[in-house]
Amino acid sequence: MAELAERLARYIAHRLPDSADVRVRSLERIFGGASRETYRFVLEYSEATGEVERSLILRRDPPGSLIETERAIEFNTYRAFYGTSVPVPEPLWLEEDASWLDHPFFVMEELKGFEASPQAITLPPYAQHAELIAEQKWSILGEISRADPAVLGLDRVMESVAPDECGERELRYWESRIDRDEMAPQPILRAAIRWLRRNPPAPAQKRSVVHGDYRTGNFLYDAGGTIRGILDWEMAHLGDPLEDLAWGLNPIWRFARDGRAGGLVPREDAIRIWERASGLRADPEALRWWEVFSCVKGQSIWLSGAHEFAAGVNQDPILVIAAWLMGNSQDRAILDALGRMP
Amino acid sequence: MTPDLGRFLEVASAHLLQRSAPALEAGYEQSSVMTLAILLGVAREEVDRAAARRFEENKALRDFFRKWERVIGNAELRSRIVAASGGSDPSLRVPDLEENNAMLRALLIEMHVEVEQQQGDEARACEDALWHELALSTERRRLSLGPF
């Protein structure tokens, strides 16, 4: 860790040419990053106006991960939303030259002192604020859905997609990951993919920025029930806004184990809040397609993690937790979404 | 082997959770050790049933193929289904059972595709029975810590 801190300090000194005595201290890895290695650290340096101290986050590409993503898109999405009604930490530096820290990375502000755990949100002191958190969670998603990608500048960094191609493009992508990574036949998953192809969704009512992993566990909240930051934009893309809504409704995120979406409120409430905030409609048929799709995408992610672990590319135990605990639940969620749960 | 594997995994999990993890500073390593403890607990749940659930499922799939092979129109697929329905597991070793399970589930996918394309009540009845078997397959694999 000391060597990494030293190299990181060298890099930041290079990015802050007017600073002196750049130091990185208290560098520690944060558990749970499934697509990036995430570290927190304190940056100290001197500049003309005095001493500076900042708490920052380093997000570095790992050797292998649950998902393959473009860190440039993630960084630019943070940059696009920073300072808007969608709360995100300030992104600072993106570096794609792997010679600095062995892998590409970016650095952003740390939002300190808040909770992200999807389990903690179901317990005191947070549980009493479930409705308040839900109101913000799906309102913020509505803001993301309503935002104009062109105004945000994200149409220049994210791949364009036609409204009637959103579903098929995503399905094609995740199916290709399944084809590549599955280590055993997946009859339920394959049946879901065929169902999706037989029942294509209506064209997207709007091309939106899609967060790609918008769920409980990927935002920071405080003890008063206020959401302080939306994180983990590594799968952000342009697409159908219903994709994000459906992903958050996936039964595998029912952390309170009582049927509430995201461990917070009934699914109908979540949909109502999102519709109000986005000004868009969650057509039940289209939403159902995206909910089945979200199960396929989820299972693809769990299968890829299992493959990475088995292949020895990345042996973080979180990949096994995901594969073992989520895999079967995801199959059950497919049965539920297709009306095949006995 | 005594104490048995399940008991060992229980003790190892508890040791990591109650002794090793608290001795570490809060952070990545502590969380990793706690995750490993949970995984040992999950492994303990699986180890008891690993052979039994595969043996049961392989038998259920062969029974299913025997019962429904008549609805398969594709002669080549039907002959493979019939051959598989008459097979057996060479041993109760988990890798052997798993290899057969993968072969049978791959055939089930092919059969599912075929049946979905057919019209008629019998095809629908077969499809319903196939989905029922798939639902049972998730029950056999269900873990107490699974979120859904």
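**Figure 1. Contact of helices α2(B) and α3(B) in the predicted model.** On the α2(B) side, the contact is formed by R62(B), F65(B) and R66(B). Their counterparts in α3(B) are I81(B), A84(B) and S85(B). Sorted by class, this contact of α2(B) with α3(B) holds three nonpolar, one polar and two charged residues. Helix α2(B) covers residues 28–68 and helix α3(B) covers residues 75–85. Their axes come within 8 Å and cross at roughly 135°, which makes α2(B) oblique to α3(B). The crossing in which α2(B) passes α3(B) is left-handed.

**Figure 2. The side of chain B that touches chain A.** In this view, 28 residues of chain B are in contact with 30 residues of chain A. Three elements of chain B each give two or more residues to this side: α2, α4 (94–116) and α5 (121–141). The largest share, eight residues, comes from α2(B). By class, the chain B residues on this side are 16 nonpolar, eight polar and four charged.

**Figure 3. Packing of helices α3(A) and α8(A).** Helix α3(A) spans residues 130–146 and helix α8(A) spans residues 267–278. The two pack at an angle of about 40°, and their axes are 7 Å apart. At this angle α3(A) and α8(A) are oblique to each other, and their crossing is right-handed. From α3(A), the residues in contact are A134(A), E135(A), W138(A), S139(A), L141(A), G142(A), E143(A), S145(A) and R146(A). They meet D269(A), A270(A), I273(A), W274(A), R276(A), A277(A) and S278(A) of α8(A). The contact of α3(A) with α8(A) divides into seven nonpolar, four polar and five charged residues.

**Figure 4. The open sheet of chain A.** Five strands make up this sheet, in the order β1-β2-β3-β5-β4, and their pairing is antiparallel. The edge strands are β1(A), residues 20–30, and β4(A), each of which pairs on one side only. Neighbouring strands of the sheet are turned against each other by 25° on average, direction ignored. On one part of the sheet, helix α2(A), residues 71–81, lies across β4(A) and β5(A). This helix runs at about 160° to β4(A).

**Figure 5. Strand β5(A) and its two partner strands.** Strand β5(A) runs over residues 105–109 and is mostly covered, with four of its five residues buried. In the strand order of the sheet, β5(A) stands between β3(A) and β4(A). Strand β3(A), residues 50–60, is joined to β5(A) by five bridges, and the two run antiparallel. Within this pairing, F105(A) of β5(A) is the bridge partner of R60(A), while F106(A) of β5(A) stands opposite R59(A). Strand β4(A), residues 91–95, is joined to β5(A) by four bridges, again in an antiparallel arrangement. Here the bridge partner of P91(A) is M108(A) in β5(A).

Methods: Residues are numbered from 1 along each chain as its sequence is written. Chains are lettered from A and ligands numbered from 1 in the order in which they are written. This is a predicted model: local features need pLDDT of at least 70, side-chain atom pairs count only at pLDDT 80 or more; totals for chains, interfaces and linings use all residues. Axes are lines fitted to C-alpha atoms, for helices over the stretch in contact, and angles run from 0 to 180 degrees between N-to-C directions. Angles under 35 degrees count as roughly parallel, over 145 as roughly antiparallel, 65 to 115 as roughly perpendicular and the rest as oblique. A crossing is left-handed if the near helix is turned anticlockwise from the far one by less than a right angle, and right-handed if clockwise. Two residues are in contact if their C-beta atoms, placed from the backbone, lie within 7 Å. Ala, Val, Leu, Ile, Met, Phe, Trp, Tyr, Cys and Pro count as nonpolar, Asp, Glu, Lys and Arg as charged, and the others, Gly among them, as polar. A residue is buried if 20 or more other C-beta atoms lie within 10 Å of its own, exposed if 12 or fewer, and partly exposed in between; C-beta atoms are placed from the backbone. Two strands pair if DSSP finds at least two bridges between them.
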